[in-house]
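Please open the structure in your viewer and keep the sequence beside it. The tour begins at a single residue and then widens to the whole chain.

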Amino acid sequence: MTNTYIVDGMTCGHCAQAVTNALKSLNDTADIQVDLEKKTVQVSGIDDEAAISEAIEDAGFDFKGKSE
């Protein structure tokens, strides 16, 4: 299952890598796609939204929930 989440505070490649690494720490086989322009992260392989939120927040970014 793939979910897309809104994440504020990502502005560069380093930010994208930080979010990716944070989420990969939950499941290293997950597929993570960051779109800096849309401020979204597409996640496949992790279904626990609370864990995703916590990982993103711990990495220093603002988790805003699922994208419509």
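Select Lys-39 first, which is found in the loop between strand E2 (31-35) and strand E3 (40-44). Strands (E, at least two residues) and helices (H or I, at least four) are DSSP runs, numbered from the N terminus. The model is predicted: local features need pLDDT of at least 70, side-chain atom pairs count only at pLDDT 80 or more, and totals for chains, interfaces and linings use all residues. Residues are numbered from 1 along each chain as its sequence is written, and side-chain values use heavy atoms, leaving out hydrogens and water.

Stay at Lys-39 and inspect its backbone: phi is near 60°, a positive value in a residue other than glycine. Most residues other than glycine have a negative phi. Lys-39 is partly exposed, with a relative accessible area of 38%; this class lies between buried (under 20%) and exposed (over 50%), for a 1.4 Å probe and protein chains only.

Next, display the whole protein as a cartoon. Which pattern does the protein follow along the sequence? The order is β-α-β-β-α-β, with 2 helices and 4 strands. The C-alpha trace spans about 25 × 25 × 15 Å along its principal axes.

Now colour by burial: buried residues make up 37% of the 68 residues.

Finally, show contacts (heavy atoms within 4.5 Å). Among those between residues at least 6 apart in sequence, 61% join residues at least 24 apart.
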